[in-house]
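We will go from selection to selection, with a note on what to look for at each stop.

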Amino acid sequence: MAEYSDIRTGRHCVFVLHAHLVFVTKFRHRVFTDAHLTRLEEIMRAVCTDFETGLAEFNGENNHVHLLVNFPPKIALSKLVNSLKGVSSRRMRQEFPELAAHYYRANKLWSGSYFAGSVGGAPISVLRQYIEQQNRPV
């Protein structure tokens, strides 16, 4: 059962919806450092706030990131993912020119695909622990 603090209410519903998202860099290139991941987390938190969505956990490695989002039922997960990937790609390439130079032909940071898994079978604490244990680059 979800913790009481995770239960959210809407106008006509009470909900606890969590999704585990994984975004992979284009061509699975290893481009992220700790500074990149820190800025990515800030950008993704801002996008989630715009969508009235909570970013419960964020972490990643040098070629992918994991997100645990708590979202309301009125949000289409595909639209949230589209904004997360689009906004983060644009801002990261603007703020870190070495990323833009690395993807000079593709002009994209992320692969076109992504993983989205509903969270409910495993306890949220297990998933949070898994995300926290990612090998973050130094």
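**Before you start**

This is a predicted model, in which local features need pLDDT of at least 70 and side-chain atom pairs count only at pLDDT 80 or more, while totals for chains, interfaces and linings use all residues. Residues are numbered from 1 along each chain as its sequence is written, and side-chain values use heavy atoms, with hydrogens and water left out.

**Stop 1: the core**

Select F23, L40, M44, V65, L67, V69 and L84. In the largest nonpolar core, which has 28 residues, these touch the most other members. A nonpolar core here is a set of buried Ala, Val, Leu, Ile, Met, Phe, Trp, Tyr and Cys residues joined through side-chain atoms within 4.5 Å. Buried means under 20% relative accessible area, exposed means over 50%, and partly exposed is in between (1.4 Å probe, protein chains only).

Now colour the elements that each supply at least two residues of this core: β3 (18-25), α1 (34-50), β4 (54-60), β5 (64-70) and α2 (77-95). Helices (H or I, at least four residues) and strands (E, at least two) are DSSP runs, numbered from the N terminus. Which element gives the most to this core? It is α1, with six residues.

Next, centre on V69. Leaving aside residues up to four places away in sequence, V69 touches L17, H18, A19, L21, C48, T53, G54, L55 and L80; contact means heavy atoms within 4.5 Å. Then look for a second, separate core of five residues, L68, I124, L127 and I131 among them.

**Stop 2: H66**

Move to H66, which is found in strand β5. Is H66 buried or exposed? With a relative accessible area of 5%, H66 is buried. Show its side chain with those of H20 and H64: a polar contact of 2.9 Å joins H66 and H20, and another, of 3.3 Å, joins H66 and H64. A polar contact is a pair of N or O atoms within 3.5 Å; within protein, one must be able to donate a hydrogen and the other to accept it, and residues adjacent in sequence count only if both atoms are side-chain atoms. Beyond four places away in sequence, the residues that H66 touches include F58, Y130, I131 and Q134.

**Stop 3**

Select K85, G86, K108, W110 and S111. Of the 14 residues that line the second largest pocket, these are the closest to its centre. α2 gives the most to this lining, with seven residues. By class, the lining has four nonpolar, seven polar and three charged residues. (Ala, Val, Leu, Ile, Met, Phe, Trp, Tyr, Cys and Pro count as nonpolar, Asp, Glu, Lys and Arg as charged, and the others, Gly among them, as polar. On a 1 Å grid over the protein atoms alone, a pocket is an open set of points where a 1.4 Å probe fits, with protein on both sides within 12 Å along at least five of seven lines; lining residues have an atom within 4 Å of a point.)

**Stop 4: E42**

Return to helix α1 and pick E42. At 44% relative accessibility, E42 counts as partly exposed. Its side chain makes a polar contact of 3.0 Å with the side chain of R39.

**Stop 5: two loops**

Finish with R28, in the loop between β3 and α1, and E52, in the loop between α1 and β4. R28 has a positive phi of about 55° although it is not a glycine, and E52 likewise has a positive phi of about 55° without being a glycine. Most residues other than glycine have a negative phi.
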